[in-house]
Each structure stands twice: as structure tokens, then as C-alpha cells.
Amino acid sequence: MNQAKSKHELFSWINKVSFMAYDMALYLDTHPDDQQAIECFDKYNQMRVQALATYAAQFGPLNLDSIQNGGHWCWATQPWPWEGGYC
């Protein structure tokens, strides 16, 4: 994900890579020694982490993992979903 994305495009990308990461995690629950699946999980999880960090830097955090408070708790000060705050 090298080029700048709109808020909606980035949110959609996060959903796609998150789905892949979570799907691979579920598969690995029953196939813990599958090296190819582990590599796939690592790839999509890293893409997810990067996309969440990019989103948080541009539009605010989507989840608790991407909050950087910097001395001010801004989680509840950004627009709420019904105010257009998530997508």
C-alpha cells in the first residue's frame, strides 16, 4: 500500500487484510506446523498493523492497539461513527 488512500479506501484495505490475517489464524489453530500458512499469516498481519498505523496517523485510531495518547486521551474526542468518524 504505497500510494495515498482516501479514508474509505484505507478502511476497506484494513478490512481485507484483517480478514486474511484472522482467517489464517483460525487455520493455524488446527494446522500449527504449516510453514506456508505461518508465512501467509505473518505477511497479512504485518500489512494489517501497517494499515492501522497509517489510518491512525491520518484519521485517528480505529482500535485500542493503534492509540498513541501523547499525554492526551483523544479516543472519545474524534467523531463518532454516526458523525462519519470511521469511514
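Analyst: Let's start with Tyr55, which has a relative accessibility of 1% and so counts as buried. Buried means under 20% relative accessible area, exposed means over 50%, and partly exposed is in between, using a 1.4 Å probe and protein chains only.

Some ground rules before we go on. This is a predicted model, where local features need pLDDT of at least 70 and side-chain atom pairs count only at pLDDT 80 or more, while totals for chains, interfaces and linings use all residues. Residues are numbered from 1 along each chain as its sequence is written, and side-chain values use heavy atoms, with hydrogens and water left out.

Now zoom out for a second. The protein chain has two helices and zero strands; helices (H or I, at least four residues) and strands (E, at least two) are DSSP runs, numbered from the N terminus. Of its 87 residues, 25% count as buried.

Back to Tyr55 and its rings. The structure holds two aromatic pairs. In one of them, Phe11 and Tyr55 sit 6.5 Å centre to centre with 55° between the planes, a tilted arrangement. That pair ties distant parts of the chain together, since Phe11 is in helix α1 (residues 7–30) and Tyr55 is in helix α2, 44 residues apart. Phe11 and Tyr55 are both buried. Tyr55 also forms a tilted pair with Phe59, with 5.1 Å between the centres and 55° between the planes. As for the cut-offs, rings of Phe, Tyr and Trp (its six-membered ring) pair if their centres lie within 6.5 Å; planes under 30 degrees apart count as stacked, over 60 as edge-to-face, and the rest as tilted.

Why do Tyr55 and Phe59 sit about one helical turn from each other? They are separated by about one turn because they are four residues apart in helix α2. In general, an α-helix has 3.6 residues a turn, so residues three or four places apart point the same way. Phe59 is partly exposed, though, with a relative accessible area of 28%. Put together, ring pairs link Phe11, Tyr55 and Phe59 into a cluster.

Tyr55 also belongs to the largest nonpolar core, six residues made up of Leu10, Phe11, Ile14, Ala51, Leu52 and Tyr55. Helices α1 and α2 each supply at least two residues of this core. A nonpolar core here is a set of buried Ala, Val, Leu, Ile, Met, Phe, Trp, Tyr and Cys residues joined through side-chain atoms within 4.5 Å. In soluble globular proteins, nonpolar side chains tend to be buried together. Touching, or contact, means heavy atoms within 4.5 Å.

Just after α2, Gly60 takes a positive phi of about 105°.

One name on that list is worth a stop: Arg48. This residue has a relative accessible area of 11%, so Arg48 is buried. Arg48 touches Val17, Ser18, Ala21, Tyr22 and Asn63, again not counting residues up to four places away in sequence. The side chains of Arg48 and Ser18 are joined by a polar contact of 3.2 Å. A polar contact is a pair of N or O atoms within 3.5 Å; within protein, one must be able to donate a hydrogen and the other to accept it, and residues adjacent in sequence count only if both atoms are side-chain atoms.

Ser18 itself is in helix α1, and its 10% relative accessibility means that Ser18 counts as buried. A polar atom of the Ser18 side chain lies 2.7 Å from the backbone oxygen of Ile14.
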